[in-house]
Amino acid sequence: MKTYDVVALGELLIDFTENGTSGQGNAVFEANPGGAPCNVLAMLAKLGKKTAFIGKVGKDIFGSRLAAVLAEAGIDTRNLVTDEKVRTTLAFVETFPDGDRDFSFYRNPGADMMLTEDELDLNLLADTKIFHFGTLSMTHEGVRNATKKAIAVAKEAGAVISFDPNLREPLWKSMEEAREQTACGLALCDVLKISDNEILWFTGERDYDAGIRRLREQYDIPLILLSMGKEGSRAYYKDRRVEAAPFLQQATIETTGAGDTFGACCLRDVLRYGLDGLDEDKLMQMLTFANAAASVVTTRKGALRVMPEETEVLAFIEESKKG
């Protein structure tokens, strides 16, 4: 039996998100804990799963606060490393009127880039049911090597490998390198969570089904989860394609963390049923709950500290049925 349900590796940072204006008319930014892998773990923790994070922060005020926030969220921090020489990574988030956003990263270097192979807790990696990662831990050679080592150890121990490309173009030296490392993740994963814009970027296909078909032919990924924003989501599993409608609401203020929330909820059902135990009904239930949870998060600023409880998501689904 494995101790941990999900262990994730990657970036832990501060998202400075706009939160009104000062008396002088200047934009006010709120320091929200962030980073896609930890957003995923925070939602899973809310769903009662035992999680742990592998990554690095700086020995500074932000690093200390982030460590405290993870502990508060119930995420194990035994392999959260502190770097005395490099500062914690920061991101400034610009939110558009429709809730979408753009990122400006302060990461040259940032602590999350500096994780090395010898800093990995190999026992932790061998003691998890699912190992989750993205491409922000593959943008630079040192942390890229650590990520690939972690995948190998977890895979050897029988873990399901979960991958979310989470493309952030400004962080790559070139899109050719981004494509190469994304392809590496696709070749190694059992569960892929990918967004509509990432399908277009990687495959060149505007038709989502055609893009997914290309991925499956080349990489043979057992479960692919496609998030389509306001169009809902789809799951591609064996010969099945299941689509669930979105939960749209006027209270949406930003989409930060929505995809991570969606992915976490889907991983909860992978833990529940296994990769061999899914069917059309289970996939529809999975997507419906995940879409609803993601919708709830879009009504809140930040992500990591505001993930919804399961009862809240279920109540939201029931309320939505009433029209």
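Two strands are said to pair if DSSP finds at least two bridges between them. Strands (E, at least two residues) and helices (H or I, at least four) are DSSP runs, numbered from the N terminus. Good morning; with those terms I shall describe the model shown above. It is a predicted model, in which local features need pLDDT of at least 70, side-chain atom pairs count only at pLDDT 80 or more, and totals for chains, interfaces and linings use all residues. Residues are numbered from 1 along each chain as its sequence is written, and side-chain values use heavy atoms, with hydrogens and water left out.

I begin with strand β2. Residues 13-21 form β2, which pairs in the antiparallel sense with β3, residues 27-34, over seven bridges. Within this pair, isoleucine 14 is opposite proline 33 of β3. The two strands make a hairpin with five residues between them, and glycine 25 in the turn has a positive phi of about 90 degrees. β2 also runs parallel to β6, residues 90-95, through four bridges. There, phenylalanine 16 has phenylalanine 92 as its bridge partner.

Next, consider threonine 89, in the loop between β5 (75-83) and β6. Is threonine 89 buried or exposed? Threonine 89 has 0% relative accessibility and therefore counts as buried; the term means under 20% relative accessible area, with exposed over 50% and partly exposed in between, for a 1.4 Å probe and protein chains only. Contact means heavy atoms within 4.5 Å. Leaving aside neighbours within four places in sequence, threonine 89 has contacts that include Leu13, Ile14 and Asp112.

I turn now to the open sheet. Its nine strands, with mixed pairing, follow the order β5-β4-β1-β8-β9-β10-β11-β12-β13. Why is one side of β5 and of β13 (240-244) left without a neighbour in the sheet? Both stand at the edges, each with a single partner strand, so one side of each has no neighbour there.

Finally, the helices. Two packed helices are described by the angle between their axes and the distance between the axes. Axes are lines fitted to C-alpha atoms, for helices over the stretch in contact, and angles run from 0 to 180 degrees between N-to-C directions. Helix α4 (residues 141-156) packs against helix α5 (residues 175-188) at about 10 degrees, with the axes 12 Å apart. The two are therefore roughly parallel to each other, a description given to angles under 35 degrees, while those over 145 count as roughly antiparallel, 65 to 115 as roughly perpendicular and the rest as oblique. Arg144, Lys148, Ile151 and Lys155 of α4 meet Glu177, Gln181, Cys184 and Leu188 of α5 in this contact.
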